[in-house]
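This briefing covers one residue and one ligand site. The structure comes first, and the notes follow.

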Amino acid sequence: MNTIVKKINEDNFTDTDLCEAAKILREGGLVAFPTETVYGLGANGLDEKASKKIYEAKGRPSDNPLILHIADVDSLYEIASEVPESAKRLADEFWPGPLTMILKKNNKVPYSTTGGLESVAIRMPEHKIALALIKESGLYIAAPSANTSGKPSPTKAEHVIKDLNGKVDMIIDGGKVGIGLESTIIDLTSKVPTILRPGYITEEMLNNVLGTVDTDKAILKENKDKNYKPKAPGMKYKHYAPKANLTIFEGNEATVIDEIIKRTMEKQTQGVKVGIIATDESKEKYQCGVVKTIGSRKNNKSIARGLYEILRDFDDLDVDVIYSESFLDNNLGQAIMNRLLKASGYDLINVR
Ligand code: TXA
Ligand code: MG
């Protein structure tokens, strides 16, 4: 298949620029597009055949449900069978934005989109191109992250091209995304609203609107029960993973840096190529390995935005192992550590 790559400037485009993409979607094709979190791979979410194509292109297990993207709150009532008060309040506060809500589905939504579940994941993205594309197509767009299953989510069109060129009809290049981690997922079908995937919208922000929220035990750093099944089917897969083995070191910052240097030197004498995930603050301290900075400790948002790109960069550099510093797992840090831990297969070493 020939993949059309179309550059669109988020701050300077018209609906006409999206005509072709919208037409492809209406005809059952696949279009990758930028959102504020990560790039998505879109198809008509109510068309069984179209959403099946998403699974094929990504190599995604069919029990892993898709998020339906909408462009206005009223659409909620078109695809959910019940819209609780909590959903209205969250939509008021956080939509458009990086929050996905799980609600009971109605019978317009095919099981092929929900992985056989009675619930459906719904999000109204904030990115101007994403919103305009949903409107222009007149569809509810099912869109997982636009990566090959298991690889880090794409934060730039180049990442999408690398994974999906020749497998999708069009890739819209809207530049680098703003947030860099997938949306927060909150399940509103359970008695107490429950966070199934941490993201930019933090537990505290959700608590402020809803009063109480739970967090699925599976995503907590301290959960050591490997057999516990996460409530979001996608969270059970080894995910976000770079090619090289990633190990994370936690503890006092200076001790962590010393430990990474020591291990890097050892590996290098054995001819092993080591990548180091450092920060703006620490990068100068490493005089060995292939050092890349993920962002600044003074700004967690920069770390979130740099995470997937650095993992993909190390793929391109063909390093054999990656050593990473760790980050505080509060607020946005919870999402950062969740993704980093998953990328490492929970290989965390405490050097205190
Ligand atoms: O930021 C995002 O959410 C991005 C952009 C493109 O919108 N999308 C994204 O989609 O991250 P994906 O498919 O990579 O992740 C969707 C997650 C998976 O873990 C899936 O299992 C979960 O949402 N999910 C979807 N529907 C669900 C449902 N009905 N119940 C529980 N989990 C669900
Ligand atoms: Mg994904």
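G166 is partly exposed, with a relative accessible area of 30%; partly exposed means between the buried limit, under 20%, and the exposed limit, over 50% (1.4 Å probe, protein chains only). This is a predicted model, where local features need pLDDT of at least 70, side-chain atom pairs count only at pLDDT 80 or more, and totals for chains, interfaces and linings use all residues. Residues are numbered from 1 along each chain as its sequence is written, chains are lettered from A and ligands numbered from 1 in the order in which they are written, and side-chain values use heavy atoms, with hydrogens and water left out.

**Surroundings of G166**
- G166 sits in the loop between α7 (157–164) and β8 (170–173); helices (H or I, at least four residues) and strands (E, at least two) are DSSP runs, numbered from the N terminus.
- Leaving aside residues up to four places away in sequence, G166 touches M1 and T3 (heavy atoms within 4.5 Å).
- A57 is 109 residues from G166 along the chain, and their C-alpha atoms are 9.3 Å apart.

**Shell around ligand 1**
- Ligand 1 is surrounded by 28 residues, the closest being T37, N64, H69, S183 and G234 (a heavy atom within 4 Å).
- At least two shell residues come from each of β4 (67–69), β6 (119–123) and β10 (194–197).
- β6 gives the largest share, four residues.

**Polar contacts of ligand 1** (pairs of N or O atoms within 3.5 Å)
- A polar backbone atom of G234 is 2.6 Å from an oxygen atom of ligand 1.
- A side-chain N or O atom of R197 lies 2.9 Å from an oxygen atom of ligand 1.
- For a polar side-chain atom of R123, the distance to an oxygen atom of ligand 1 is 3.1 Å.

Definitions and conventions. Polar contact = N/O pair within 3.5 Å; in protein donor to acceptor, adjacent residues only side chain to side chain.
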